[in-house]
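Colleague: Hi! I'm new to this one, could you walk me through it?
Modeller: Happy to, let's bring it up first.

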Amino acid sequence: MVTHVDKHIFSNALERIREFSPFLSGLSGRFPAIVAAVRDEGLDRAIRDGLAAEQSDDIGKMLRRQRQIVSLATALADLTGIATLEEVVAHLSAFADHALDTAVRAAIVERTPDAAPRGFAALALGKHGSRELNYSSDIDPILIFDPATLPHRPREEPVEAAVRIARRVVELLQSRDEHGYVFRVDLRLRPSPEVSPLALPIDAALSYYESAALPWERAAFIRARAAAGDTALGQDFLDAIRPFVWRRSVDFGAVREIRQISRRIRDHYSQGQVLGPGYDLKRGRGGIREVEFFTQIHQLIHGGREPQLRAPATLDALRALSEAGRIEPAVAADLAEAYRLYRTVEHRLQMVDDQQTHRLPKQIEALDNVARLHGLDDGRALVELLRPHVDRVGSVYDGLDNDGEARLPVQPDQLETALQQAGFADPRAARLRIEVMRDGKSRSLRTPVAQEALEAMLPTLIAALGKAPEPQDALNRFEDLVAGLPSAINLFRLLQARPALARALIDVLSHAPTLSQALGRRPALLDGLIDATALAAPPAQEELIVEFRDGERSDSYEQLLDSVRQRVGERRFALGVQLIEAVSDPLDVAQGYARVAEAALAVLTDATVAEFEENHGRVPGGELLIVALGRLGGGALTHASDLDIVYLFSGGFMAESDGPRPLGATTYFNRLAQRVSAAMSVPTAAGPLYEVDTRLRPSGTQGPLAVSVEGFAQYQRESAWTWEHMALTRARTIFGSPPARAEVDAIIAEALGRERDPTVLLADVVKMRSEVARHKPPSSPFDVKLIDGGLVDAEFTVHLLQLRHRVGFDPRLRTAMRLLVDQGLLDPALIPAHELLTRMLVTLRLVSPASTAPPEASRALVARTCGQEDWPSLVKAYETARGLIGGEWRRVSSAG
């Protein structure tokens with residue numbers, strides 16, 4: 001902030017005040033010291049010293065005079081350029097906090113002088129809540145109280161005391177005298193204002209906003225904060241209702257209602273919609289409200305999942321939305337520039353006579369007066385200054401309004417015609433399905449609101465269904481999905497608002513039964529596809545850990561279990577959609593699945609360890625380690641993969657933990673391992689997570705769940721079977737301190753690098769492959785894992801070569817293959833063959849979970865996802881790859 005200003009600029013501003021603002025002219029004569037302080041010391045010092053000097057036992061009079069001081073000081077700083085718009089509105093808002101808090105405390109102390117002023121809070125909403133209060137604004141607080149702590153008189157009910165305190169607060173702020181007033185107070189934003197008390201009991205308010213609030217009422221809390229009175233009470237209330245304001249499941253009802261409010265405003269204030277004399281700067285097309293609504297709509301869509309977008313102030317929110325890629329940077333910059341200009345001109349309108357007006361005057365003389373207060377020649381110059389911004393904002397906001405009015409016909413013949421034109425081969429069958437939904441017999445479709453949402457969405461749905469390979473089957477699955485929901489309103493509104501999601505949904509219903517089932521359990525999974533980042537690869541594991549751990553602060557261990565399950569479910573669902581939409585290579589998706597699983601394991605293990613330590617303390621010198629094997633060790637999972645892990649612990653097994661309930665080291669780490677497995681596998685209210693398989697631990701199911709590092713090393717040296725060392729080729733330590741991980745990795749390297757009798761090794765590996773073939777025969781020709789020449793043969797080939805030659809060790813199978821190729825031990829053609837079968841495995845786990853041939857309608861999708869032109873081409877490439885893998889396995893397994 002500028003603290004000194006050029007004397008000429010300051011004199012010019014004072015001259016404009018005397019000539020064009022009767023209100024400010026009077027104040028400058030009444031408070032010359034404030035004028036001098038702003039000029040010489042700056043705005044902050046002028047306000048601070050001015051308020052400190054204006055003290056009185058007459059609270060109402062003191063606040064009214066203080067308000068005049070703030071009005072004069074901020075106007076001078078604004079007109080001279082000493083302060084930015086953000087600084088001006090921050091000072092105006094800070095004074096509103098001060099005045100409201102002073103009034104609340106005075107109202108309580110007047111009635112109960114000996115009691116602490118607590119149990120009564122004022123929540124600031126609107127521009128006051130976002131610290132963007134305009135120059136001559138009213139305030140719209142919601143007043144709440146705690147009956148258990150609110151001071152009240154003998155034989156007086158807390159609710160009676162609260163109402164009397166509220167009335168006194170309003171009186172102190174609204175009463176007028178020769179010094180004007182403090183603030184106009186509007187309490188109509190509280191629930192059911194026509195029947196509810198002026199101040200609400202906190203429990204009743206919580207119950208209302210959690211269960212009965214209208215969408216616009218929840219949206220109003222985007223800019224809410226605890227501003228005055230018992231702010232701890234106010235903050236507790238806001239924390240409690242936050243999940244109902246910022247919903248991870250996008251509340252398109254609130255989005256739609258904001259748009260409808262905007263339309264009603266345009267209709268109601270039609271005379272002020274067109275730029276010119278009489279233009280409504282706040283409600284007119286392309287004005288203040290449309291910048292704010294545009295911003296809030298995007299916050300509602302994305303803020304439930306991205307807390308950084310929840311900035312209350314419009315300019316801050318625009319910046320956050322732009323940085324997050326939710327709106328174009330150019331759009332954000334244009335709207336911010338327009339908003340600053342609008343708010344500045346709005347202040348000029350209000351500075352003239354301290355009136356809460358937002359309209360440009362209709363009279364040319366009055367319009368010229370406002371323009372000249374702003375430093376322009378006349379009203380025409382002011383209108384032209386606004387014009388490009390009004391046009392740009394109006395155009396941007398109009399682009400949001402894609403709610404079509406088209407409806408699907410109701411008459412049977414007309415409906416069948418429309419369905420036939422959309423692509424349904426049997427329009428009568430499709431009509432009957434739609435009529436079932438229109439009948440409203442399922443619980444999700446019974447209400448008029450649900451039926452209206454259904455009708456608004458149906459044109460979008462039918463258009464997407466018409467492009468499905470089997471439209472009728474997809475419609476049947478959609479109707480089954482809707483019938484199983486408690487409410488389908490938000491799903492319908494989401495599909496109507498985002499037609500591209502309707503197409504993705506139909507693809508899921510048409511091709512991916514696993515994803516369809518997940519969606520039936522939790523329709524909110526579809527919300528995660530709203531923005532384009534859902535179709536990008538998951539971020540690095542470190543970022544996923546932060547997301548899973550800190551995205552929504554969990555107050556308890558149980559809440560964290562639910563939160564991680566929700567976020568993992570969203571990530572896995574999005575990865576599955578990437579496959580179905582053929583936007584990502586299945587090999588990359590497999591790596592994404594693995595990163596998600598490993599991040600979840602890290603977060604939940606950390607949390608489980610911390611909770612366990614609260615009861616049992618720590619084992620001195622000991623820690624839990626987790627070794628990943630199989631596909632997790634190799635960093636490439638499918639949607640259906642379980643997690644193969646081994647638990648180890650460091651330190652001496654004779655040690656004892658140091659907590660309130662001490663345990664011996666072996667018991668300690670085995671119980672802890674059980675807890676970690678449960679955290680990863682037990683279904684909660686948020687659903688399942690992963691199946692955990694610990695059978696690859698030393699001695700298998702006959703051995704303890706967690707073994708010491710020393711015991712693990714001894715087992716690998718003395719007791720491990722060849723097949724266990726084959727499994728160890730894909731081992732990777734994924735949890736534990738770096739030194740402990742390094743120790744385990746060295747043990748694994750030693751076990752793998754030992755000399756072996758080649759004859760015994762070959763016999764063991766061949767026998768193991770025969771056992772697999774006998775106990776796990778392929779379920780169909782498209783069981784790409786178990787079939788002859790399939791993935792198991794490729795893996796056995798690699799592991800036999802690794803153990804025979806003691807080279808090429810890397811848990812990632814593709815990397816291990818390249819190392820063996822470099823040694824001249826493996827046919828290079830095995831790598832693309834293995835990659836093709838891996839792509840098929842990852843895709844078929846979604847499209848055909850039983851490992852059978854995919855449905856006819858999905859075969860083109862499978863071929864495309866696997867990089868082939870069509871299904872016959874994929875089948876031919878598959879047979880070629882199987883032949884190559886089988887031949888390489890026979891070559892390697894027959895060599896002496």
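**A walk through the model**

Modeller: Let's start with an open sheet: four strands form it in the order S3-S2-S1-S4, with mixed pairing. Its edge strands are S3 (199-201) and S4 (225-229), each of which pairs on one side only. From one strand to the next, the twist averages 35°.

Colleague: Before we go on, what kind of model is this?
Modeller: This is a predicted model, where local features need pLDDT of at least 70 and side-chain atom pairs count only at pLDDT 80 or more, while totals for chains, interfaces and linings use all residues. Residues are numbered from 1 along each chain as its sequence is written, and side-chain values use heavy atoms, with hydrogens and water left out.

Colleague: And what do the strand and helix labels stand for?
Modeller: They are DSSP runs numbered from the N terminus: helices are H or I with at least four residues, and strands are E with at least two. Two strands pair if DSSP finds at least two bridges between them.

Colleague: How do S1 and S2 run, parallel or antiparallel?
Modeller: Strand S1 (residues 120-124) and strand S2 (residues 142-145) run antiparallel, joined by four bridges. Ala121 stands opposite Ile144 in S2. Helix H8 (residues 158-174) packs on the sheet and touches S1, S2 and S3, where contact means heavy atoms within 4.5 Å. The direction of H8 makes about 145° with that of S2. Angles run from 0 to 180 degrees between N-to-C directions, with axes fitted as lines to C-alpha atoms, for helices over the stretch in contact.

Colleague: Which strands does H9 lie across?
Modeller: Helix H9 (residues 202-211) lies across S2 and S3, and runs at about 85° to S3.

Colleague: Changing topic: is S6 buried or exposed?
Modeller: Strand S6 (residues 643-649) is mostly covered, with seven of its seven residues buried. Buried means under 20% relative accessible area, exposed over 50%, and partly exposed in between, using a 1.4 Å probe and protein chains only.

Colleague: Which residues sit on each side of S6?
Modeller: Leu643, Ile645, Tyr647 and Phe649 are on one side, with Asp644, Val646 and Leu648 on the other. In a regular strand the side chains alternate between the two faces of the sheet.

Colleague: What does S6 pair with?
Modeller: S5 and S6 pair in the antiparallel sense over six bridges, and Val627 has Val646 as its bridge partner in S6. S6 also runs parallel to strand S7 (residues 692-693), with two bridges joining them. There, Asp644 has Asp693 as its bridge partner in S7.

Colleague: How many cavities are there?
Modeller: A search of the whole structure finds six cavities of 30 Å³ or more. On a 1 Å grid over the protein atoms alone, a cavity is a set of points where a 1.4 Å probe fits but cannot get out, and a pocket is an open set with protein on both sides within 12 Å along at least five of seven lines; lining residues have an atom within 4 Å of a point. Grid points are joined across faces, edges and corners, and a volume is the space filled by probe spheres set on the points.

Colleague: What lines the largest cavity?
Modeller: Its volume is about 90 Å³, and the lining residues include Val627, Val646, Leu696 and Trp723. Helix H31 (722-728) is one of the elements supplying at least two lining residues, and H31 gives the most, with four.

Colleague: And the second largest pocket, what is its volume?
Modeller: The second largest pocket has a volume of about 1200 Å³. Of its 29 lining residues, Asp644, Leu696, Lys776, Lys785 and Glu795 are the closest to its centre. H34 gives the most to this lining, with five residues. By class, the lining of the second largest pocket has 13 nonpolar, five polar and 11 charged residues. Ala, Val, Leu, Ile, Met, Phe, Trp, Tyr, Cys and Pro count as nonpolar, Asp, Glu, Lys and Arg as charged, and the others, Gly among them, as polar.

Colleague: Last one: where is Glu470?
Modeller: Glu470 lies in the loop between helix H20 (448-465) and helix H21 (471-483). Glu470 counts as partly exposed because its relative accessibility is 41%. Glu470 and Glu856 are 386 residues apart in sequence, and 9.9 Å apart in space, C-alpha to C-alpha.
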